[in-house]
Amino acid sequence: MKIKRTIAAALAVCLTLALALPASAAGNTADLDEAVQAVTALGIMNGDGSGDLKLSRKVTRAEFVTMAIKATPNRDGVGQAATSPYPDVPRSHWASGYVEAAVSRGMVTAFSDGTFRPDREISLAEAASMVLSLLGYGPGDFSGSYPTGQLSMYNRLKLNRGVTASQAASPLTRQDAVFLFYNLLSAKTKEDMPYIQQLGHSLDASGKPDLVSLINGQMEGPIIAQSGWRSSLPFSPAKFYRNGSAAAASAVQDYDIVYWNASMGAVWAYAKKATGPIQAIAPSGAAPASVTVAGRTYSIETSAAAYALSDLGQYHLGDTVTLLLGRSGGVAAVADVSASAGERVGVVTAVERSSYPDGSGGTYSAHTVTLLATDGQTYQYQTQGSYKTGSLVRATVAAQGGQVTLRGLNSASLSGKVNKEGTRLDKYAFAQEAEILDISEGRGAVLYPSRLAGLSLDHSDIKYYSLNPQGEIETLILNDVTGDAYQYGIITRFEETGEGMNRFCSYQYDVGGVSYTLSGSTRFQAVGGPVRILGDLASPDRLYPLIQAQAGQIVGSQFVAGSQKYTLSDSVAVYEFRGGQYFLSSLTRAEESQGSLTAWYDKAESDGGRVRIIVIK
C-alpha cells in the first residue's frame, strides 16, 4: 500500500543552424542526482536490474512514448494494447499499450508510410512536441512551420535546462530525457499551473519539485524485515539505506521497518525501537491514536499497529512491548520484547517517582530515571538503584519478559585526534552506524563522525566509549565538545532600570521565530544581538553573546568574510533586520540577498565551533 502524506510527432528534418538551441540552453541546470531521483521516484524512467539507468544511451521512440505516458496522471492504468496500434507495433510489442495510449491522446502520429518506427532514435523536435502536449499545447499554439514554434516554446518554458541535444534532429540520450522530464515537472501548463500538481505533488519554496514529498508520496510499505521479507517485494532492490545512510543489503536486520520504491530500485530500513510497559493508550483502546511507553508518547501510523494496541488486539495497558518505529517516528508495528533485546547507553537527565498501570485497572509507583541515550532520544526506566543526574548508565533489555536492568558505567579513558576525513579517532575507526552523543548541560546532540573531523579530544572531552567486535567505536558520549546541543537565538530588546538591589532587567529574545520575555534582577553578559541560551528557553540560566565575524557572503556551506572562512551549522538560523526589528528568515534568502550579511559563531572552528546565526541588513 502507498503511504498518504509520499508527444504530435512528425518526421525529423534537418534544419539550419538558425534553429539550433542557444548556447545558454544548459544554463541554470538542475542537479543530475536530484533530477534522477525525481524521475525515477515517479516511475517515468527505470534502471536495469542493478539500478543502472544507462544515461549515455540513446532513447528510442517506443521508450520515449512510454516515459511520456508514465509522466501522466493515469500512468498506472496502461496495459497491453487492445489491437495493434501500427503495423510495426503489433499488440504483442512490449510498448503497444503505451503507444496506443499516446495515439488516443493525440501525442503521436504515424510516418508518411503509416509506420511508427518504435526502434528509431527519438529526435529533440519529436520529444519536445510530446512534452509540450503534456502541458496542454497543440498545433494551434505554435507559430511558424514545424518544429520552429515548438522549439521556441520549449526554450521559453525552460524545458531545455540540462539537455545537451541542440538541433531539432539531434537524438536524445537517456540523460537528456531525465532533464527534460524533470523540467516538465516545474513547467507551467497552458492553464498556468505547475505540471507537477497534476501528478499530486508540489514545488518547494525555491520553485523546484519537492523531492522529499515526492519520494514520500511514491514510497510503499511499511513491512517488518523478517525471514524471507524480500520475497514480498515486487522487485529486486538495487540500493539499500538504513537509518538514512547508504548500506549493504546485509545491513538490514530482523525487525527493521522497511519501505521501498520499485521505480527507484531502493529500500529504506529503519531500526528505531522502544521497549517498556504500556503506560497509556489514547484517546481510547477502542480507537488508539497514540501510545506511551517508557515515558515517551508515540503516534500510531499504521492500521496494523492500531489494531495490535486496541482492545481487540493482543497488547494492553501494563504489558511490556517493543514498538517498531517507522521513518517518521510513529509506531509502524508492535512486537514482543525479544525484538529489541539488547542494550542502550546514555546519561541520566532526571530522577523521579512515577506512576504506572498495573494491568488490572490500578496503578503502582516506582523510582524512574530518564535516560538520554546515544540515539538522541530520551527513555524512562523503573529502577531499584540510586542514580543521580549526569550518571552514565547502560540499560539492558532481557529477551524474555522485557525486564530492564540498569547498570552504572565508568568514565572512559580515551583521547586523540579525529582524522580530517572524520573516520577515525586516534587508532580506532568509527563503525558504520556509530552512535555519537554530545552532552551540554543536560541536553544532547546526535552527531555523525564527520562532524568531529580534525578535532583533538582530550580525556575531559570523552565521557564514555565502547567498541564493537571489530574493534571499531560503536558508541561515543562527549562532554560539550561541539556546542550543537545548545539553543541559539537573538535578543530583540533589552531594558534596564534602577541599580543595585533595585535593578530591573527585561529581555526579549527570539529563538526559531518564537518570542520569549524574561524579567528580573539578573543582568547577563549579553544585552543584545545573537546569543547562546543555557537552560530552559522560557527561564534561561544564562545568555552568552556569540562572536561576530566580518561582513561577508555565503559560499556553499561556508560564510566567507575576507580571507576568513567559517563553516555553517546544519541548523544555522537567519534573521532579517528591517525597520528596527528582527524577522526570522531563511538561508535561501540570505544567499539571494543584496543586503549586508554578518555571521555569528560560538567558538573557533578548531574547537568545534560553527556559525549559528546570520543577520541580513
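Colleague: Which word describes arginine 493: buried, exposed or partly exposed?

Modeller: This is a predicted model, in which local features need pLDDT of at least 70 and side-chain atom pairs count only at pLDDT 80 or more, whereas totals for chains, interfaces and linings use all residues. Residues are numbered from 1 along each chain as its sequence is written, and side-chain values use heavy atoms, with hydrogens and water left out. A residue is called buried under 20% relative accessible area, exposed over 50%, and partly exposed in between, using a 1.4 Å probe and protein chains only. Because its relative accessible area is 28%, arginine 493 is partly exposed.

Colleague: With which residue does arginine 493 form a salt bridge?

Modeller: A salt bridge requires a side-chain nitrogen of Lys or Arg within 4 Å of a carboxyl oxygen of Asp or Glu. For arginine 493 the closest N and O atoms of such a pair are 3.4 Å apart. The partner is partly exposed, at 46% relative accessibility, and it is glutamate 495.

Colleague: How many residues apart are arginine 242 and glutamate 433?

Modeller: These two form a salt bridge whose closest N and O atoms are 2.7 Å apart. Arginine 242 is buried because its relative accessible area is 10%, whereas glutamate 433, at 36%, counts as partly exposed. Strands are DSSP runs of E with at least two residues, numbered from the N terminus. Arginine 242 is in strand β2 (residues 239-242) and glutamate 433 in strand β18 (residues 428-440), so the pair links distant parts of the chain, the separation in residues being 191.

Colleague: Which residues does the network around arginine 612 join?

Modeller: Arginine 612 forms a salt bridge with aspartate 602, with the closest N and O atoms 3.2 Å apart. Arginine 612 is in strand β34 (residues 611-616), and aspartate 602 is in the loop between β33 (597-601) and β34. Both count as buried, arginine 612 at 4% relative accessibility and aspartate 602 at 17%. Salt bridges that share partners make one network out of Arg451, Asp484, Asp602 and Arg612.

Colleague: Which residue in β5 is the bridge partner of asparagine 261?

Modeller: Strand β4 (residues 257-261) and strand β5 (residues 266-270) pair in the antiparallel sense over 5 bridges. In β5, the bridge partner of asparagine 261 is alanine 266.

Conventions
Helices (H or I, at least four residues) and strands (E, at least two) are DSSP runs, numbered from the N terminus. Two strands pair if DSSP finds at least two bridges between them.
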